[in-house]
Amino acid sequence: VTSLAVYFVVDFCLRLSTMILDGGLSSLYVLCSHAVGAQNYTLAGRYVQLAVVGYQILYVPIVWFWYARGSLASVMMWLGLQDQRDGVTTSVTTEAIEIANAFLPFALAHVGVAALDTTLHSLLDIVGLERYSTMLKGVHSICKFFGVAYISLFESAQLWMIGLWHVAMCALFVVINLVIVVYQQWLNQYWHGLLFSFALADFRAVKAFTISSLSLSVRYMIEYCGWEILFIFAAMQGPAEIAVWGLLGSAWDVVGDIANALAGAAKVRVAQLLGSQSTMAARYSAHKTFFLALLLAGVMSLSTYLCRESIPGWLTQDIALKKMLFSLVPLVCVGLFVLPFGTMAWAILCAQGRTALATGMSFLGVLGVTLPLSALFTWLNVNLEGLLSAVIAGHATSGALNFFFTVISDWDKIATT
């Protein structure tokens, strides 16, 4: 339980630190799609340059804060992880700090390399090479999974070994991807803006990138802060709750990735159509996306309910953790019906360039619904069921509002602004 808890604590710290930087990477889907729709490939390349260079420069202070300054040990001490065995509660803070310090360098390196990987895949999705991008990401995920599974077979396996494997696989597939892209000449139209121009000299590109990035960064900050505050609530209950909440978060991320895949495709399609002034086609694509979101939500929710007996065993072999996860499955089914639809509504608003409005709705959902409810449920000792219910209520609120503003949109006006 200790290693699993440490993994999620380190992941919590790094996600919390890079949420602002992630907004710059996410803004590429909208900005580059508009540029590609207007056939301005140099501008699209400049957006990518701003995202990559800005991310890596701003990431350096984060590395210093967590690694050189040793701030992670303070977080572990503050959480005061404890373990309960044979009815005896013992402190495992010292052991947790040692595991975390060994794992941290590889986790930091993985975040930096993964930013390059994410940016390249985003550009490939935008230019219409999403099938190749998805296939390569699938192979990458399979290699990571079987590598981690193999390492876990050994009793002497340690968390830093898994971190090393993640970094090695990510770096390898970045190189493989670049080699294939260059050989196939898929991005020849974008290299000038990406490599052979000074993006900071393009004031309009910098302004558009900054505004869009900050809006998305605020949205990530709000949602991640909400989730991480819930993580802290779970941490106060013990390492088992940290592990369960982390496992639940991982499963939630998988569902989110599926929804984001459809949302990303819709965002690119709608943004390109708006960039080319095809407003009727853009509106049709948006409405079709909502229909597909309903189908996806229903399939995922029903599938999860039918597999409710098996899902906890897929995530962990610990009996206590499996019991805790099983009790959360019904709420997860409800959440799976809410999450995809809300994600689609948010994506369409962003494709319209209305990221500030979408961010405001996320702000309302997290700070106006999720956090107050989670605080109330924690005070009432409802435990993880209350935290998950609060998350679902917040997503439902922001999703419904985003959908409302999408439906009443003036598409002709949006395409000309």
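What percentage of the 417 residues of the protein count as buried? The share is 49%, where buried means under 20% relative accessible area, exposed over 50% and partly exposed in between, with a 1.4 Å probe and protein chains only.

This is a predicted model, in which local features need pLDDT of at least 70, side-chain atom pairs count only at pLDDT 80 or more, and totals for chains, interfaces and linings use all residues. Residues are numbered from 1 along each chain as its sequence is written, and side-chain values use heavy atoms, with hydrogens and water left out.

The protein contains 15 helices and two strands; these are DSSP runs numbered from the N terminus, with helices (H or I) of at least four residues and strands (E) of at least two. Its radius of gyration is close to the value from the globule rule for 417 residues, so the protein is as compact as a globular protein of that length. The radius is taken over C-alpha atoms, and the rule is 2.2 Å times the number of residues to the power 0.38.

| Quantity | Value |
|---|---|
| Radius of gyration of the protein | 22 Å |
| Globule rule for 417 residues | 22 Å |
| Span of the C-alpha trace along its principal axes | about 65 × 40 × 35 Å |

Contact means heavy atoms within 4.5 Å. Of the contacts with a separation of 6 or more, 79% join residues 24 or more positions apart.

Apart from neighbours within four places in sequence, serine 33 is in contact with Leu28, Ile126, Val268, Ala271 and Gln272.
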